[in-house]
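Please have your viewer ready.

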Amino acid sequence: MPVPRNVVDGEPPARPRRFVFVLLPEFTLLSFSAAIEALRIANRMAGRKLYDWVITGEGGGTVQCSAGPAFALDCDLPDLARDDVVLVCGGLDVAGATTRKLLNWLRREARRGLTMGGLCTASWALAEAGLLDGRRATIHWENQDSFEEEFPEVQLTKSVFVLDGNRLSTAGGTASIDLMLKLIADHHGEELANAVADQLVYSSIRTDQDTQRLSTPTRIGVRHPKLSQVIKKMETSIEEPISPALLARDVGMSTRQLERLFRRYLNRSPKRYYMELRLQKARNLLMQTDMSVINVALACGFTSPSHFSKCYRAHYQTTPYRERGSQGEKGA
């Protein structure tokens, strides 16, 4: 049932607000479809066309999402109007998908004062274009380590979505719904946004204060407060690892008690668990950045490249250099 229109009697309806979706190769289908569906449903529930959209991409033609299907684009990267909203849709290998042509187009259109956003991993493209310098932003949690290393001038958060002036960003997946519901509410009121959420069977609307990852207890499947505290300290102290003795002391335990706690709930020692966290970050940096292997090692708390390589090979059955594969050892 359409919600009442927020139009003053006698006034002509405003021109639909246009969203320009820029699909990068290997973009995440869910992030894109969730955003565009929210706009479609808003039009339906309002009983009039509040939103319009165009689907673009470099070169026009078609672009394939990470799930396989290819999408026909309406046009190549176009000249835009000042009230257009640009949403770049990223996914796998966003650094490789961020071409010089795309960066030049983003910078040119940004100079007109447009609102621009990145869905899923596309904050990377906006940051590479310099459009997030000094701004708050978010990106999918899997890309956070590499993003922080590449763009220290961006205030990266762990929120599901971020609005900072005329810059928008989401962490991917269903976070697109949360962002669009926020925009719909800002444009046309909470009643319409709630009606859209109901149509989407979306019963738990998140705000920009909600974080994208599960809480530590939920993620590890253990609800032990001291264990959670220690793991959080480990996750935030990758570059300068803290000794098990200090970790234990900080939560009021002995080293032996901490060891038993990890063995009981995680079937590994604190040292082993910490090493796995550091190696996971190292792998993210190797796969997603051009940092040298030496700098990756340092960023993950390894002062000796040979020790880093030995630990990496033991865990992943390959060396950091081979992990790069066809990317080569750029920046070494």
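A pocket here is an open set of points on a 1 Å grid over the protein atoms alone, where a 1.4 Å probe fits, with protein on both sides within 12 Å along at least five of seven lines; lining residues have an atom within 4 Å of a point.

Before going further, please keep in mind that this is a predicted model, in which local features need pLDDT of at least 70 and side-chain atom pairs count only at pLDDT 80 or more, while totals for chains, interfaces and linings use all residues. Residues are numbered from 1 along each chain as its sequence is written, and side-chain values use heavy atoms, with hydrogens and water left out.

The second largest pocket holds about 680 Å³ of space, a volume being the space filled by probe spheres set on grid points that are joined across faces, edges and corners. It is lined by 29 residues, and Asp93, Val94, Ala95, Met287 and Gln288 are the closest to its centre. Helix H2 (94-97), helix H4 (123-128) and helix H12 (270-288) are the elements that give two or more residues to this lining. H12 gives the most, with five residues. Helices (H or I, at least four residues) and strands (E, at least two) are DSSP runs, numbered from the N terminus; the protein has 15 helices and 10 strands.

Now turn to the sheet. Six strands form an open sheet in the order S2-S1-S5-S6-S10-S9, with mixed pairing, where two strands pair if DSSP finds at least two bridges between them. At the edges are strand S2 (51-56) and strand S9 (161-164), each pairing on one side only. Neighbouring strands are turned by 15° against each other on average, direction ignored. Strands S1 (residues 17-23) and S5 (residues 85-89) pair in the parallel sense over five bridges, and Phe21 stands opposite Leu87 in S5.

Helix H3 (residues 100-110) packs on the sheet, touching S1, S5, strand S6 (115-119) and strand S10 (167-170), and its direction makes about 145° with that of S6. Such angles run from 0 to 180 degrees between N-to-C directions, with axes fitted to C-alpha atoms, for helices over the stretch in contact. Helix H6 (residues 175-188) lies across S1, S2, S5, S6, S9 and S10, running at about 40° to S9.

S9 and S10 pair in the antiparallel sense over four bridges, with Val162 opposite Ser169 in S10. Their hairpin has two residues between the strands, and Gly165 takes a positive phi near 65° there.

Is Phe151 buried or exposed? Phe151 sits in the loop between helix H5 (144-150) and strand S8 (155-156), and it counts as buried because its relative accessibility is 4%. Buried means under 20% relative accessible area, exposed over 50%, and partly exposed in between (1.4 Å probe, protein chains only). Leaving aside neighbours within four places in sequence, Phe151 is in contact (heavy atoms within 4.5 Å) with Trp124, Ala127 and Glu128.

Ile294, in helix H13 (residues 293-299), is partly exposed, with a relative accessible area of 44%. The C-alpha atoms of Ile294 and Pro305 are separated by 6.0 Å, with the two residues 11 apart along the chain. Over the whole protein of 332 residues, 48% count as buried.
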